[in-house]
Amino acid sequence: MPTVLPPLSEDLIREADGLFLGLLRNALVGVYIIQDDLFRYVSPRFAEILGRSQEEICRQLGPDDLIDARDRETMRRAVADRIDGRSEAAHYSFRVERADGTPIEAEVFGMRTEFGGRPAIIGMIVDITGRRAAERAAREQLNFVSQLVEAIPSPLFHKDEHGRYLGCNKAFEVFVGRPRDEIIGRTVFELYAPAAATRYHAADQALFDTPGVQTYEANVPAADGVAHDVIFNKATYLKADGSVGGLVGVITDITERKRSEALIWMQANYDPLTGLPNRRLLGDRLTETLKRAQRTCDCVAVLFIDLDRFKEINDTLGHEAGDRLLVEAARRIVACVRESDTVARQGGDEFTVLLPGLSERAPIERIAEGIIDALCQPFQLGTDIGYVSASIGITLCPQDAKTPADILRNADQAMYAAKAEGRNRFSYFSPAMQQRAMQHLQLGKDLRKALARGELSLHYQPILHLASGRVRKAEALLRWAHPERGNIPPGEFIPVAEELGLIDAIGSWVFEQATATIQRWRTLWPADAAELSPQQITINASPRQFAKGSSLDVLLQRVDALGLPGRCIAVEITEGLLLDEHPAVTAQLTRLAAAGIQIAIDDFGTGYSAMSYLKRMDIDTLKIDRSFVRDLTTDPSDLAIAEAIIAMAHKLDINVVAEGIETDAQRQRLADAGCDFGQGYLFSPPLPEDAFFAYLATEPR
């Protein structure tokens with residue numbers, strides 16, 4: 001029975017010639033016929049692909065002539081298999097060189113056929129040079145991306161739109177503690193604990209619901225069994241059709257960074273010795289406390305604590321013992337306050353306490369007294385025992401002030417008031433303290449200008465030799481004539497000069513003036529050999545001038561430059577300076593003695609009198625304080641003290657000067673006791689230089 005073809009197939013057969021011609025003229029695919037190892041026919045496109053003409057190829061060239069030597073064996077087997085009938089079709093690619101030497105890659109599809117009654121191959125060729133280049137570029141890009149992903153030290157992963165892992169890098173394997181083949185294809189619910197998996201899934205789903213970028217911090221368990229602080233950076237990617245294909249994520253471990261940040265924050269806000277908040281954190285807490293108090297109309301009490309005599313602990317037992325004391329002091333203060341209160345270390349031996357919510361004095365004072373009592377107890381410092389006390393300043397806000405700076409300043413002023421009242425006590429801030437502080441500040445500003453403006457001057461109080469009645473010495477006394485406040489006593493402005501570091505400059509000026517005066521005195525009234533004592537000016541020196549500064553250098557230079565004998569100058573110091581056995585002080589005293597300059601001890605008997613320094617130091621003069629001279633004629637005890645000082649000094653070959661002589665009876669008692677010199681209003685008050693020389697001129701010659 002004859003085969004019946006579908007109508008379309010019959011039409012194709014009828015049109016076969018036309019269709020075949022169309023195929024031969026195809027601009028994309030080249031057509032060829034191979035027979036007897038030669039090309040019997042090639043289409044125009046075939047010739048174009050190889051860069052040759054049809055005539056050049058047909059019946060003259062075969063595949064061996066065109067195909068790259070590396071691919072010829074493959075081509076020969078494929079052709080032989082079809083010619084010999086072992087296969088009907090073949091599909092393969094090969095490299096070929098165009099007529100101009102340009103290499104290309106081609107893909108062929110060939111079938112066995114018969115041409116002229118003998119075996120032949122008919123096929124098509126396609127130029128795939130561009131496609132292969134694109135494929136290689138894609139593979140190289142893929143390799144680059146794969147190597148880049150593996151090289152990234154942070155864990156990296158990507159998932160499909162259902163949350164299944166599609167891939168990851170080695171760092172991710174290490175982080176989760178699983179090999180890659182156990183990760184790919186699974187979801188978080190198959191890899192992690194339920195609670196963690198639920199969190200991860202929720203975050204992924206939120207990103208799928210709103211495609212884009214997602215960044216968040218989390219604390220997650222890692223393969224090492226430790227929870228790590230990490231940052232997740234994730235982003236969705238799209239399929240070719242524009243739908244969400246999945247997500248890619250990178251995990252950044254910030255555990256060490258968090259630890260470093262925490263350490264830096266601790267170092268910036270806490271005192272490393274005591275562990276208490278430092279000045280910076282105190283300021284922050286005080287600011288926040290004031291804001292809350294303002295909202296709630298509440299009150300805040302601030303205590304400023306300074307340890308009395310702490311310097312003695314450092315100087316005698318060493319800084320290590322001092323540190324131990326500070327640590328224990330901090331612990332004791334904390335034990336005296338509530339958990340809601342703040343105890344901070346201001347620095348050195350100063351502490352601050354914030355007491356929010358307290359406005360009544362009774363509970364505030366109970367806390368202050370508790371701190372004072374606690375700090376009075378002995379401190380066990382290794383094998384030693386130390387003792388300190390506490391001076392506390394208290395201020396209330398908003399009553400006293402409203403800003404942190406003002407509050408702390410007020411508390412500091414109140415603390416100094418407690419020290420001035422005898423230490424080991426507390427004192428409340430008052431507006432009068434602020435007024436005194438402002439006056440003190442203004443005094444310092446004015447004092448900085450006083451020397452340049454010529455407001456300072458020296459007055460000289462004569463010191464008489466009691467036996468002869470002759471003026472042999474004078475004490476140089478500094479005076480300040482303030483243009484608005486009038487005369488300001490030295491006891492008020494000298495401490496300010498020391499505090500502001502002006503004492504050295506002022507001291508240098510005093511030495512220059514005093515040495516000029518003694519030179520003038522010696523010129524006007526030269527001493528003769530019969531004089532019991534040479535003319536001498538006594539100059540008061542501050543302890544600060546001995547510890548540091550250059551004013552003593554100025555004195556030595558002036559004495560040398562003027563050709564004065566050193567004994568014409570006496571430097572008057574306090575007993576406290578001798579008790580401070582600082583090497584710098586000892587060295588300065590030694591320098592003065594070597595230059596012949598005498599040393600006088602002021603106010604002897606009123607301070608920390610210790611006979612040892614009279615033996616150890618080269619002391620020339622002791623000055624009996626006016627407090628013993630005042631009641632000399634009415635109080636036998638004062639007379640006995642004066643007589644004892646005089647006798648002791650003479651045994652040590654030291655001269656004695658009595659201060660504050662106001663009556664002739666006082667002068668006579670002192671002369672009878674053998675006192676060498678005296679000064680006071682009985683003889684003369686302190687006088688300007690010209691008046692002093694006028695006074696000297698009245699002496700009988």
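**Salt bridges and strands**

Author: Arg-520 and Glu-689 form a salt bridge, with 2.6 Å between the closest N and O atoms. The pair links distant parts of the chain, since Arg-520 belongs to helix H19 (residues 503-524) and Glu-689 to helix H28 (residues 689-697), 169 residues apart. Keep in mind that this is a predicted model.

Reader: Is Arg-520 buried, partly exposed or exposed?

Author: Buried means under 20% relative accessible area and exposed means over 50%. The relative accessibility of Arg-520 is 35%, so Arg-520 counts as partly exposed.

Reader: Which residue does Arg-180 form a salt bridge with, and is that residue buried or exposed?

Author: The closest N and O atoms of Arg-180 and its partner, Glu-173, are 2.9 Å apart. Arg-180 is partly exposed at 25% relative accessible area. The relative accessibility of Glu-173 is 11%, under the 20% limit, so Glu-173 counts as buried.

Reader: What is the N to O distance in the salt bridge of Arg-98 and Asp-100?

Author: Arg-98 is partly exposed, with a relative accessible area of 25%, and Asp-100 is exposed at 55%. Their side chains meet in a salt bridge with an N to O distance of 3.8 Å.

Reader: Asp-446 is buried; which side chain of opposite charge is nearest to Asp-446, and how far away?

Author: Asp-446 sits in helix H17 (residues 431-450). Leaving aside neighbours within four places in sequence, Asp-446 is in contact with Trp-480 and His-482. A salt bridge needs a nitrogen to oxygen distance within 4 Å. Asp-446 has no salt bridge, and the nearest side chain of opposite charge is Lys-449, at 5.4 Å.

Reader: Trp-480 has a bridge partner in strand E20; which residue is it?

Author: Strand E20 (residues 486-488) runs antiparallel to E19, and 3 bridges join the two. E19 and E20 form a hairpin with 3 residues between them. In E20, Trp-480 has as its bridge partner Ile-488.

Reader: How many of the 13 residues of strand E19 are buried?

Author: Strand E19 covers residues 470-482 and is mostly covered. The number of its residues that are buried is 10.

Reader: Which residue of E21 is the bridge partner of Glu-475?

Author: Glu-475 is also the bridge partner of Gln-461, and strand E18 (residues 456-465) pairs with E19 in the antiparallel sense over 10 bridges. E19 pairs with strand E21 (residues 536-540) in the parallel sense over 4 bridges. In E21, the partner of Glu-475 is Thr-538.

Reader: Which residue in the hairpin of E18 and E19 takes a positive phi?

Author: The hairpin of E18 and E19 has 4 residues between the strands. The phi in question is near 75°, and the residue is Gly-469.

Reader: What does Ile-184 touch, not counting residues up to four places away in sequence?

Author: Ile-184 lies in the loop between helix H8 (170-176) and helix H9 (188-191). At 38% relative accessibility, Ile-184 counts as partly exposed. Its contacts beyond those sequence neighbours are Tyr-165, Leu-166 and Gly-167.

Notes:
Residues are numbered from 1 along each chain as its sequence is written. This is a predicted model: local features need pLDDT of at least 70, side-chain atom pairs count only at pLDDT 80 or more; totals for chains, interfaces and linings use all residues. Side-chain values use heavy atoms; hydrogens and water are left out. Buried means under 20% relative accessible area, exposed over 50%, partly exposed in between (1.4 Å probe, protein chains only). Two strands pair if DSSP finds at least two bridges between them. Contact means heavy atoms within 4.5 Å. Lys and Arg count as positive and Asp and Glu as negative; His and the chain ends are not counted.
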